[in-house]
Amino acid sequence: MQKMYLMITITNRADCDDFTAFFNKCDVPIIYSTPASGTARQKTLDLFGLEETTKTVHYCIVTGNKMAELIKRL
């Protein structure tokens, strides 16, 4: 029996549907997706010339082989 892993993928919220479709195409059920936001302070974002962005975190359970395949395809 293969080991199971929790794969966590953090994406821009605008790309949420694309990543959900990708996981479905790869026969990987997403167990949980949740909206998220960064924790960087505005001073740090300003220092690097970045803007605050909203994210989505996807959690799924996969085998080691499937995780390697997903990482390669991503």
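Mentor: Buried stands for under 20% relative accessible area, exposed for over 50%, and partly exposed for what lies in between, with a 1.4 Å probe and protein chains only. The model is predicted: local features need pLDDT of at least 70, side-chain atom pairs count only at pLDDT 80 or more, and totals for chains, interfaces and linings use all residues. Residues are numbered from 1 along each chain as its sequence is written, and side-chain values use heavy atoms, with hydrogens and water left out.

Trainee: How many disulfides does the count come to?

Mentor: A disulfide requires two cysteine sulfur atoms within 2.5 Å. The count here is 0 disulfides. C16 is in none, and the nearest cysteine sulfur, that of C60, lies 13 Å away.

Trainee: Is C16 buried or exposed?

Mentor: C16 has 17% relative accessibility and therefore counts as buried.

Trainee: Next, the sheet. In what order do the strands stand?

Mentor: Strands of a sheet pair through backbone hydrogen bonds, in either a parallel or an antiparallel way. Two strands are taken as paired if DSSP finds at least two bridges between them. Helices (H or I, at least four residues) and strands (E, at least two) are DSSP runs, numbered from the N terminus. In this model 3 strands form an open sheet in the order β1-β3-β2, with antiparallel pairing. β1 (4-12) and β2 (32-37) are the edge strands, each pairing on one side only. On average, neighbouring strands are turned by 25° against each other, direction ignored.

Trainee: Over how many bridges do β2 and β3 pair?

Mentor: β2 and β3 (residues 54-63) pair over 6 bridges, in the antiparallel sense. Within this pairing, P35 stands opposite T56 in β3.

Trainee: Which strands does helix α1 touch?

Mentor: Contact is scored when heavy atoms are within 4.5 Å. Angles run from 0 to 180 degrees between N-to-C directions, and the axes are lines fitted to C-alpha atoms, for helices over the stretch in contact. Helix α1 (residues 16-25) packs on the sheet and touches β1 and β3, its direction making about 10° with that of β3. Helix α3 (residues 64-73) also packs on the sheet and touches β1 and β3, but its direction makes about 140° with that of β3.

Trainee: What does S33 touch?

Mentor: S33 lies in strand β2. Not counting residues up to four places away in sequence, S33 touches T56, V57 and H58. At 34% relative accessibility, S33 counts as partly exposed. The C-alpha atoms of S33 and L6 are separated by 13 Å, and these residues are 27 apart along the chain.

Trainee: How many aromatic pairs does a search of the whole structure find?

Mentor: Rings of Phe, Tyr and Trp (its six-membered ring) pair if their centres lie within 6.5 Å; planes under 30 degrees apart count as stacked, over 60 as edge-to-face, and the rest as tilted. The search finds 2 aromatic pairs. One of them joins Y32 and Y59, a tilted pair with 6.0 Å centre to centre and 35° between the planes. The pair links distant parts of the chain, with Y32 in strand β2 and Y59 in strand β3, 27 residues apart. Y32, at 48% relative accessibility, counts as partly exposed, as does Y59 at 27%.

Trainee: Which residues are linked in a network of salt bridges?

Mentor: Side chains of opposite charge can pair when their charged atoms come close. A salt bridge has a side-chain nitrogen of Lys or Arg within 4 Å of a carboxyl oxygen of Asp or Glu. The structure holds 2 salt bridges, and K66, E69 and R73 are linked in a network. E69 meets K66 at 3.5 Å, N to O, and R73 meets E69 at 3.5 Å, N to O.

Trainee: How many residues apart in helix α3 are E69 and K66?

Mentor: E69 and K66 are 3 residues apart in helix α3, so about one helical turn separates them. R73 and E69, in helix α3 too, are 4 residues apart, about one turn of the helix. The relative accessible area is 31% for E69, which is partly exposed; K66 is partly exposed at 21%, and R73 is partly exposed at 42%.

Trainee: Where does D27 lie?

Mentor: D27 lies in the loop between α1 and β2. Its phi is near 60°, a positive value in a residue other than glycine. D27 is exposed, with a relative accessible area of 68%.
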